[in-house]
Amino acid sequence: MTIVVAASAIVGALVFAGVSIWPFPQVLAWMRAVPDKTGKLPTPGPIEAFDGTTALVICLLVLLPLSAWVAHLLVEPLRRLMRALESALASYRDGDFSISIGSGRNDELGDLIHMHNALGQTLREQRQHLAQRELLLDTVVQNTPVALVLTDATGKVTYANIAARHLFNEGRALAGLDFATVLEAMPVNLRDAAGAGEDALFNVEMDGSEETFHLSQRGFRLQGRPHRLQLYRRMTRELSRQEVHTWKRVIRVISHELNNSLAPISSLSHSGAELARRGDLARLSGVFASIGDRAKHLHSFIAGYASFAKLPAPQAREVPWAPFLDDLALHAEFRLAAPLPEHPGWFDRTQVEQVLINLIKNAHEAGGEATEVSLAVHHIGRETLIEVADRGPGMSDTVLAQALLPFYSTKRSGTGLGLALAREISEAHGGRIALSNRDGGGLRVTLLLPAGPA
């Protein structure tokens, strides 16, 4: 471009000099000196008034067409390139990244074209990769046994996989249908669970048998609009296997405890009969006392299982912390590790007190120093956090993964009801329980409860 401008300036200067200095004035003078057919010289005319203004006008008349032609030669490739770029950008806007621009230029515009083509190639590869991922995700979602239904803010179904179509619409498409209308044809338990807007576990009668479903619901925004995702998973087989496994564990624990109690009772009964036959009545009282102790232990063992099975629904109410922990200290020894929160607790006093008694008892039985058994209460947001910690040996990863399961115990005489009862009571309150090893040794049991009514 610099060369073109410089050349234009030089050509303009040369034309102006040619018109005003040489050779255009000399040519005009020579033409005037040529006589006509009569032999007379031409009469001087307006040409004698030739000056710089006339030369400038002549230069403009000569240079303007020449400039227009040269500008056309220079600008036309740029115009074609701009039209090609406009077409490519319009294709990109429509989602078509297959457009490339061909050019043999070796200047900055050629570099721009090469960058544009490289951008198009990158977008094509990303689009292809994204399409493959979407195809893989759709294949996985469509073939999963979990029924998936996605609805928009109006309740219309925007997406449903194969399992959802078979569950709700006999295999026909659900997209575009009103999900509330679809649910009207479903069993009452399923409609109630879906309308509750929360996760739920429910049973329905389907095809002559009872099926157990777990419903998971989540709300989120998709492309700036609210949507709701519902996942219906059949849990019948899993729960049946877990139920059988639990029953086997219960039977093993009860059988072990019965054998531990009935075997001594049988032996003591035989000894008592032998003493009675010999007439040694003085020792019979000790035998009967031992039989009574074993029977009492067996009764307390069975009563523990009965209380777990008959656990009532919690009656939550406000509980001031200071009086509650003062009463708890009468049943279990612990050290308060943090100041009590001013906000009162919200739980069933009797049930949570029983949970904490069991947790503190376990902390003392862990083997650490009794003075290291601590209890702390924190109020965090909408939750109340109760921590019971000790300095015992802690738990291995395997034990941590199973400690909260019902009837699981690492103690020789344990029933496996302590932590299971804590889990049952915390979940009944709408909370949860967690176990973790402490730095420096020991175990921390965290009980999370709602800080107030829902």
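I take buried to mean under 20% relative accessible area, exposed over 50%, and partly exposed in between, with a 1.4 Å probe and protein chains only. Helices (H or I, at least four residues) and strands (E, at least two) are DSSP runs that I number from the N terminus.

The model is predicted, so I note that local features need pLDDT of at least 70 and side-chain atom pairs count only at pLDDT 80 or more, while totals for chains, interfaces and linings use all residues. Residues are numbered from 1 along each chain as its sequence is written, and side-chain values use heavy atoms, with hydrogens and water left out.

**Strand 10 and its sheet**

I looked up strand 10 (residues 383-389) and found five of its seven residues buried, so this strand is largely enclosed by the rest of the structure. For pairing I use the rule that DSSP must find at least two bridges between two strands. Strand 9 (residues 374-380) runs antiparallel to strand 10 and is joined to it by seven bridges, with His378 the bridge partner of Leu385. These two strands form a hairpin with two residues between them, and Gly381 in the turn has a positive phi of about 60°. Strand 10 also pairs with strand 12 (residues 443-450), again in the antiparallel sense over seven bridges; here Leu385 has Leu448 as its bridge partner, and Ala389 stands opposite Arg444.

I then traced the whole sheet, which is open, has mixed pairing and holds five strands in the order 7-9-10-12-11. Its edge strands, each pairing on one side only, are strand 7 (335-336) and strand 11 (432-437).

**The nonpolar core**

I count as a nonpolar core a set of buried Ala, Val, Leu, Ile, Met, Phe, Trp, Tyr and Cys residues joined through side-chain atoms within 4.5 Å. The largest one has 30 residues, and those with the most contacts inside it are Phe324, Leu328, Leu356, Ile360 and Leu375. Among the elements that each supply at least two residues of this core are helix 10 (321-329), helix 13 (418-428) and strand 10. Helix 11 gives the largest share, seven residues.

**Salt bridges**

My rule asks for a side-chain nitrogen of Lys or Arg within 4 Å of a carboxyl oxygen of Asp or Glu, and the count by this rule comes to six salt bridges. Glu383 forms one with Arg432, the closest N and O atoms being 3.0 Å apart. This pair links strand 10, where Glu383 lies, to strand 11, where Arg432 lies, and the two residues are 49 residues apart.

I also looked at strand 4 (residues 209-222) and strand 5, which run antiparallel and are joined by 10 bridges. The side chains of Arg234 and Glu211 meet in a salt bridge (3.6 Å, N to O). Since Arg234 lies in strand 5 and Glu211 in strand 4, the pair ties together parts that are 23 residues apart in sequence. Glu211 is buried, with a relative accessible area of 18%, whereas Arg234 counts as partly exposed at 40% relative accessibility.

**Helix 4**

Last, I checked helix 4 (residues 108-143), whose 36 residues should span 52 Å at 1.5 Å a residue, and its end C-alpha atoms are 52 Å apart, which agrees. The expected span here is 1.5 Å times one less than the number of residues. Buried residues in helix 4 include Gly110, Ile113 and His116.
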